[in-house]
Amino acid sequence: MATGRISARIEQLNESATLAIDATAKSMLARGVDLISFAAGEPDFETPDFIVDAALEAARDPRNHHYTAAAGLPELRELIAERTGVLSGLAVEPSQVIVTNGGKHAVYSAMMTLLDEGDEVLIPAPYWVTYPEVVRLAGGVPVAVPTDLSTAFKVTPELLERYCTPRTKMLIHVSPSNPTGAVYSEVETAAIAEFADRKGLYVVSDEIYQQLTYGMECAPAIGSVASKELSQRLILVNGVAKTFAMTGWRVGWVVAPSDIAKGVVKLQSQLCSNVANISQRASIAALAADAEATRYMRDAFARRRQSIITLLAAIDGVEVMWPQGAFYAFPSVEAILHKEFEGAAIGSSYRLAELLLEHAKVAVIPGEAFDAPGYLRLSYALSDEGIVDGVGRIADFVTRL
């Protein structure tokens, strides 16, 4: 029971570590501190002009000045349904699509619609900081399934089996992964789908980084290998934030079987009504565009990936995997934690992140935020020069230890 003015439900909720550290970094930059930040989980590009122009035009249209359907604009839902068929391997109707206030809202809506008190949810770790928190908010029990560099940060059916109980209701599947950049192959994805099918689990597949991949056009989708039975327990969440540099526009979506979709709509109708119409119109322009319109972002991320991984791997005590998707490096710094700073062992990646911020003026996210102590997350959604300067500062600091 809560002892203060705040409910127990909110008191036990953890603040997003990634947003908190990113906010600290932005505050320091605003004060004129010479800081390099690898903390941001968002593209550093401006939203493309053709999308902004669509929003400006929409703002002048009186149709967008009023409430619209809670599930989203029909034109946008149709585009999302088409896109889901092409990229995610599922033939769905627009009625199965619910437009949400960003991908985070989509995850929240899925959990609130599906989970009852005590339902267990398997979450491969390292995981995005939001997953366990929204599971708890929905009354569920998050169950971390640990992975590390030796397994390329991927789970297998055998590993999942060890954490599955009679109370397990759901598996969260993420490929590409935040924070590791790991991408499951089609064979690996099929094995996960078969396990979930055999166990009768619901699967929430987070596909927000689906098109930000290297060496492939798109990450293999679990919908393309799901059985007919599993497809009736498969919920997809996605959005325009990462692919189109639209994090501030707050448009995501849930794609779900019809009965679950109706539940999500009912929740949304009471929670927030419709997503901002201007943002929805902008998203229509984004999804209707040719893929080449945003190819320059993927090309830049590919170039930066090459740079940051090469530079990190050259630091004594750092071990790092080549990410196959998203825009994060997730190096192990275990060997550095035994070193001393001012007479005391560093001890944790959290402490190392503090020291880097204070003494190297570099912002990174400690692995503890993702249930992965001993690691750091570095976003390479920043300039090529910033990557070289920032990793150079990290290398100099480590050398001085």
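Predicted model: local features only at pLDDT ≥ 70, side-chain atom pairs only at ≥ 80, totals over all residues.
Trainee: What makes the contact between R393 and D34 a salt bridge?

Mentor: The side chains of R393 and D34 come to 3.0 Å, N to O. A salt bridge needs a side-chain nitrogen of Lys or Arg within 4 Å of a carboxyl oxygen of Asp or Glu, so the label applies. R393 sits in helix α14 (residues 384–400) and D34 in the loop between α2 (17–30) and β1 (36–37), 359 residues apart.

Trainee: Why is R393 called buried, and why is D34 called exposed?

Mentor: R393 has a relative accessible area of 14%, and buried means under 20%, so R393 is buried. D34 has 56%, and exposed means over 50%, so D34 is exposed.

Trainee: How do you know that K169 and D119 form a salt bridge?

Mentor: Their closest N and O atoms are 3.6 Å apart, and the cut-off is within 4 Å, so the pair counts. K169 lies in strand β5 (residues 168–174) and D119 in the loop between α5 and β3 (120–125), so parts 50 residues apart in sequence are tied together.

Trainee: Which class of accessibility does K169 belong to, and which does D119?

Mentor: K169 has 21%, which lies between the 20% and 50% limits, so K169 is partly exposed. D119 has 11%, under 20%, and is therefore buried.

Trainee: What makes D384 and R304 a salt bridge?

Mentor: The N to O value is 3.9 Å; that is within 4 Å, so the pair qualifies. D384 lies in helix α14 and R304 in helix α12 (residues 295–313), so the link ties parts that are 80 residues apart in sequence. R304, at 4% relative accessibility, is buried, while D384, at 24%, is partly exposed.

Trainee: What covers the faces of β2?

Mentor: Both faces are covered: V97 and V99 on one side and I98 and T100 on the other are all buried.

Note on methods:
Residues numbered from 1 in each chain as written. Heavy atoms only, no water. Buried < 20%, exposed > 50% of the residue type's maximum accessible area, 1.4 Å probe, protein only. Helix = DSSP H or I, 4+ residues; strand = E, 2+ residues; numbered from the N terminus.
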